[in-house]
Amino acid sequence: MELILSQKELFKLCEALDLKNHRGIYLLSGNLASGKTTLVKAMVNALGSKAKVTSPTFLTALEYGNQIYHYDIYNKDLKEIFALGFLEEIEKEGWHFIEWGDENLAKILQQIGLPFCHIIISIESQKRKYNIIQG
């Protein structure tokens, strides 16, 4: 599925994903300033949370309550974060939004049988294109 939306239309993406009924792992990838954190804000809001969403860039992970988790794995070595228990973390019940979740992480999740949704974001003028791949 592919959608081209403005920031004010992100609720349409959340509706298309049926986010409230589909807990799980959401990999978000795109260039710097493509809107990954903005999308997480919209998703967290769509789940009914009033939490202040910020990029967990230097913390690696944030929890917003109600089983909503937000990770930033930019420039993180996958082997290193797996050694720290990342796989066990994303196996928890809830919604896991992973910024900079790339094809390497997607391949690992496929190999171990963890379902996920990969959302690739690119800039389209004043809007963003969201290419959604179920893994």
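Predicted model: local features only at pLDDT ≥ 70, side-chain atom pairs only at ≥ 80, totals over all residues.

Student: Thanks. How many residues has the largest nonpolar core, and which have the most contacts inside it?

Tutor: The largest nonpolar core has 25 residues, and Y26, L39, M43, F97 and I119 have the most contacts inside it. Two or more residues each come from α1 (10-16), β2 (24-30), α2 (36-46), β5 (95-99), β6 and β7 (127-134).

Student: Which element gives the most to this core?

Tutor: That is α2, with 5 residues.

Student: And what is M43 in contact with, leaving aside its neighbours within four places in sequence?

Tutor: M43 is in contact with C14, L17, L19, Y26, F97 and I119. Another core lies apart from the largest one; this other core has 17 residues, including Y69, F82, L87 and L109.

Student: You mentioned a cysteine. How many disulfides does a search of the whole structure find?

Tutor: The search finds 0 disulfides. For C14, the nearest cysteine sulfur is that of C117, 11 Å away. A disulfide needs the two sulfur atoms within 2.5 Å, so C14 is in no disulfide.

Student: Is C14 buried or exposed? And C117?

Tutor: C14 counts as buried, because its relative accessibility is 6%. C117 is buried as well, at a relative accessible area of 3%.

Student: New topic: where is F116 found, and what does it touch?

Tutor: F116 is in strand β6 (residues 116-124), and is buried with a relative accessible area of 5%. Beyond residues up to four places away in sequence, F116 touches I25, L27, A106, L109, Q110, I133, Q134 and G135.

Student: Now the rings. How many aromatic pairs are there?

Tutor: The whole structure has 4 aromatic pairs. One of them joins Y71 and F86: the ring centres are 5.3 Å apart and the planes are at 90°, so the pair is edge-to-face. Y71 belongs to strand β4 (residues 68-72) and F86 to helix α4 (residues 86-90), 15 residues apart.

Student: Which residues do ring pairs link into a cluster?

Tutor: Y71, F82 and F86.

Student: What about W100 and Y74?

Tutor: Those two form a tilted pair, 4.6 Å centre to centre with 45° between the planes. Y74 sits in the loop between β4 and α3 (78-83), and W100 in the loop between β5 and α5 (103-112), so their pair ties together parts 26 residues apart in sequence.

Student: What lies over the face of W100?

Tutor: K36 does, at 3.9 Å from the ring centre.

Conventions: Residues numbered from 1 in each chain as written. Heavy atoms only, no water. Buried < 20%, exposed > 50% of the residue type's maximum accessible area, 1.4 Å probe, protein only. Helix = DSSP H or I, 4+ residues; strand = E, 2+ residues; numbered from the N terminus. Contact = heavy atoms within 4.5 Å. Core = buried A, V, L, I, M, F, W, Y, C linked by side-chain atoms within 4.5 Å. Phe/Tyr/Trp six-rings, centres within 6.5 Å; stacked < 30°, edge-to-face > 60°. Lys NZ or Arg CZ within 6 Å of the ring centre and 35° of its normal.
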